Amino acid sequence: MPNPKRRHSNSRTGKRRNSNKKIGKSSLSVCSNCGASKLPHTVCNSCGYYKGVPVLEVGKKKKDEK
Ligand SMILES: [Zn+2]
């Protein structure tokens, strides 16, 4: 039977995948128009504004998209 020759050090155990979980967490910013949380540098999902300018028309039916 193959056996590990040496015991892992505590630091080597700590370097594994789960310890890197927190690093990739995406940040949220607050919409300046409606105050909802949204991804930074994206159009707000709830009001359709970006940088104070209405980009999307939210609340209307989306029949034309498909
Ligand atoms: Zn908004």
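This note goes through the predicted model point by point, from the overall fold to the zinc site and the surface.

1. **Overall layout.** The protein has one helix and four strands. Contacts between residues at least 6 apart in sequence were examined for their range. Of these, 0% join residues at least 24 apart.

2. **Burial overall.** The protein has 66 residues, and 8% of them count as buried. Its accessible surface is about 6,700 Å². Carbon and sulfur atoms account for 52% of that surface.

3. **The zinc site.** Which atoms hold the zinc ion? The SG atoms of C31, C34, C44 and C47 coordinate the ion, at 2.2 to 2.3 Å. The angles between the four donor atoms run from 107 to 113 degrees, so the arrangement is tetrahedral. The cut-off for that label is that all angles lie between 85 and 135 degrees.

4. **Spacing of the donors.** Along the sequence the donor residues follow the pattern C-x2-C-x9-C-x2-C. The pair C31 and C44 links distant parts of the chain. C31 sits in the loop between β1 (29-30) and β2 (37-38). C44 sits in the loop between β2 and β3 (49-50). The two cysteines are 13 residues apart.

5. **Burial at the site.** Are C31 and C44 buried or exposed? C31 counts as buried because its relative accessibility is 6%. C44 has a relative accessible area of 1%, so it is buried as well. The cut-off for buried is under 20% relative accessible area.

6. **G48.** This glycine lies in the loop between β2 and β3, the loop that also holds C44. G48 has a relative accessible area of 0% and is therefore buried.

7. **A nonpolar patch.** V53, V55 and L56 make a nonpolar surface patch of about 260 Å². L56 is in the segment after β4 (53-54). L56 counts as partly exposed because its relative accessibility is 48%. That value falls between the limits for buried, under 20%, and exposed, over 50%.

8. **To take away.** Two regions deserve a look in the viewer. One is the tetrahedral zinc site, where the donors include the buried C31 and the buried C44. The other is the nonpolar patch of V53, V55 and L56.

Terms used: Residues numbered from 1 in each chain as written. Predicted model: local features only at pLDDT ≥ 70, side-chain atom pairs only at ≥ 80, totals over all residues. Heavy atoms only, no water. Donors = N, O, S within 2.8 Å, 3.2 Å for Na, K, Ca; no water. Tetrahedral: all angles 85-135°; square planar, octahedral: opposite > 155°, others 65-115°. Buried < 20%, exposed > 50% of the residue type's maximum accessible area, 1.4 Å probe, protein only. Contact = heavy atoms within 4.5 Å. Areas by Shrake-Rupley, 256 points an atom, 1.4 Å probe, with all protein chains shown as cover. Patch = residues over 30% accessible without salt bridge, like charges linked within 9 Å, V, L, I, M, F, W, Y side chains within 5 Å. Salt bridge = Lys/Arg side-chain N within 4 Å of Asp/Glu carboxyl O.
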